[in-house]
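The structure is shown first.

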Amino acid sequence: MLIRQTGANQPAESEVTPEGVYTDRRKVLAGMIAAGLVPAAALAGEAPKRQGAAPDSVVGRGGALASRRTRSLDESPTSLDSVTHYNNFYEFGLGKEDPARNAGRLHTRPWSVTVDGLVSKPRTLDIDSLTGLFPLEERIYRHRCVEAWSMVIPWVGFPLARLLALVEPLGSAKYVAFETLHDPRQMPGQNTGVLEWPYVEGLRLDEAMHPLALLAVGLYGHVLPNQNGAPVRLVVPWKYGFKSIKSITRIRLVDRMPPTSWNRSAPGEYGFYANVNPEVDHPRWSQAHERRIGEFLPRRTLPYNGYGEEVAGLYRGMDLRRWY
Amino acid sequence: MPSVAFFRRWGVQLVMALPLALLVWRWVGVVQGGEPRALGLSAEPVDFTINFLGLWALRSLWLTLAITPLRRLTGWSWLAPWRRPLGLWCFAYASLHLSVYFGLDLLGSVMALLKDVSRHPFILLGMAGWCLLLPLALTSTRGMIRRVGARRWQNLHRLAYAVALLVSVHFILRVKGFQPEPYVYAGVLAVLLGARGLMALRARGMRCATRSASEQV
């Protein structure tokens, strides 16, 4: 079912998609890669081939990942201990420290990610080749949970747009649907009914193509710890954390707004968009403030989590109270 | 070696003070520069503290309500004097719970509190629970019982059941998705209320029986 409103205040697609992308999406993206902001093959070649890593792996000893910092932040990063021991990952338990305790059961190698649906060139990629496909960037982003806490995390990954360009979305593709691994033996939480499994998420195609949307394979310079969504997860820093789906096995381009887990569980509380918005409260609590992990006093929540200048254009003309 | 008599006299205070002492001890560690998570306060100690205090307020209320059915069931009359201190511990934990939320979440802003209460049923329920506990705590002394009158006092203190219902829903609304814990507490409350209902029915049955017996004479 297509839930998008087509009324007067709904922007035409040409308005919400950056114009260049709208007019010739495929050519623009192919060009971006051809121009080689950083040559795609360079990093794989440079990466030290260390003991224990697959021969063509960019993953170094102890899971180290070589990357170039492309985005910093004038706020201190949350400690690695907190980033890895304060997680919502219900596949591994409901408590914040449960994922750190239980995620050891997850096997992240071998692992493959299928990118298909409305694309010209569907691909299934092994996690090591996916990791080496594009130059890895380190980006320090704010991370705002819908529960009103936040962190600052140095992610390692590449723009989702690069992977999407590789499979060449068809003109009919309007949304991107993501799916987490479904295997209750590895993810014991999937034996419980707290949510419908597997966890699914989605973005509008123009959101997915936005340069801030990241596919992360690491944090703090190393491969992702399992509890943070290893081996590959989404990071959409202007949205509440639950949009940033973890341990992805499938990415599908579709023409209808795909179902998303929390929206399915409580549609009145979690919308498809879930943009960080201090003006629109969660029905049960205020979203005006957040507590930064490591600090004792709350700080003001910023519209779009502080990324408004870059992303507000995606939602021009939309009623953000309605499309929460 | 503490005697049985000592336990019966002070046990309730020791048991109920323990969680608070533990919490304070952990916070002393934080003030001295310790890592909250290493001290058992999680990476987000304020949220942990609010949850911890709320949960112990709830637990002490449940224990308060369990005393009479338990006493009837076991015949342990020494439990009777535990009920008032348990109720007062409930009020203490609930007040601390509210204070930390008001002080550290809302930074002491009454406006923010009013906004939160008016917009969010989750907050309203908790706030209403505390407001209903207040008159119970204030009338908990022997002098107040005398002044209010035993019958009215007893009716007033039946509010404890209303508080339990309010905070059950408050707890259910606290969590995301379907989580069992708050429903376990709601289930225990249902059992306690059921026991109360049964006791009341039986008492009425007995009264009726005595009355009809006396009428037959």
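The model is predicted. At the interface, 28 residues of chain A are in contact with 26 residues of chain B. Together the two chains bury about 2200 Å², and carbon and sulfur atoms give 54% of this area. On the side of chain B, the residues that lose the most area to chain A are B:Arg37, B:Glu44 and B:Lys176, which together account for 33% of what that side buries.

Six salt bridges are counted between chain B and chain A. One of the residues named above, B:Arg37, forms a salt bridge with A:Asp81, with 2.7 Å between the closest N and O atoms. On chain B, the elements giving two or more residues to the side that touches chain A include helix H1 (4-31), helix H3 (83-105) and helix H8 (159-174).

The table gives the residue classes for two sets of contacts.

| H1(B) with H3(B) | 10 residues | one residue | no residues |

Within chain B, the axes of H1(B) and H3(B) lie 10 Å apart and the helices pack at an angle of about 10°. H1(B) is therefore roughly parallel to H3(B). From H1(B), residues including B:Val12, B:Met16 and B:Leu20 take part in this contact, and the residues they meet in H3(B) include B:Leu86, B:Trp89 and B:Tyr93.

Terms used. Residues numbered from 1 in each chain as written. Chains lettered and ligands numbered in written order. Predicted model: local features only at pLDDT ≥ 70, side-chain atom pairs only at ≥ 80, totals over all residues. Heavy atoms only, no water. Contact = heavy atoms within 4.5 Å. Buried area = accessible area lost by both parts, 1.4 Å probe. Salt bridge = Lys/Arg side-chain N within 4 Å of Asp/Glu carboxyl O. Helix = DSSP H or I, 4+ residues; strand = E, 2+ residues; numbered from the N terminus. Axes fitted to C-alpha atoms, helices over the stretch in contact; angles between N-to-C directions. Parallel < 35°, antiparallel > 145°, perpendicular 65-115°, else oblique. Nonpolar A, V, L, I, M, F, W, Y, C, P; charged D, E, K, R; others polar.
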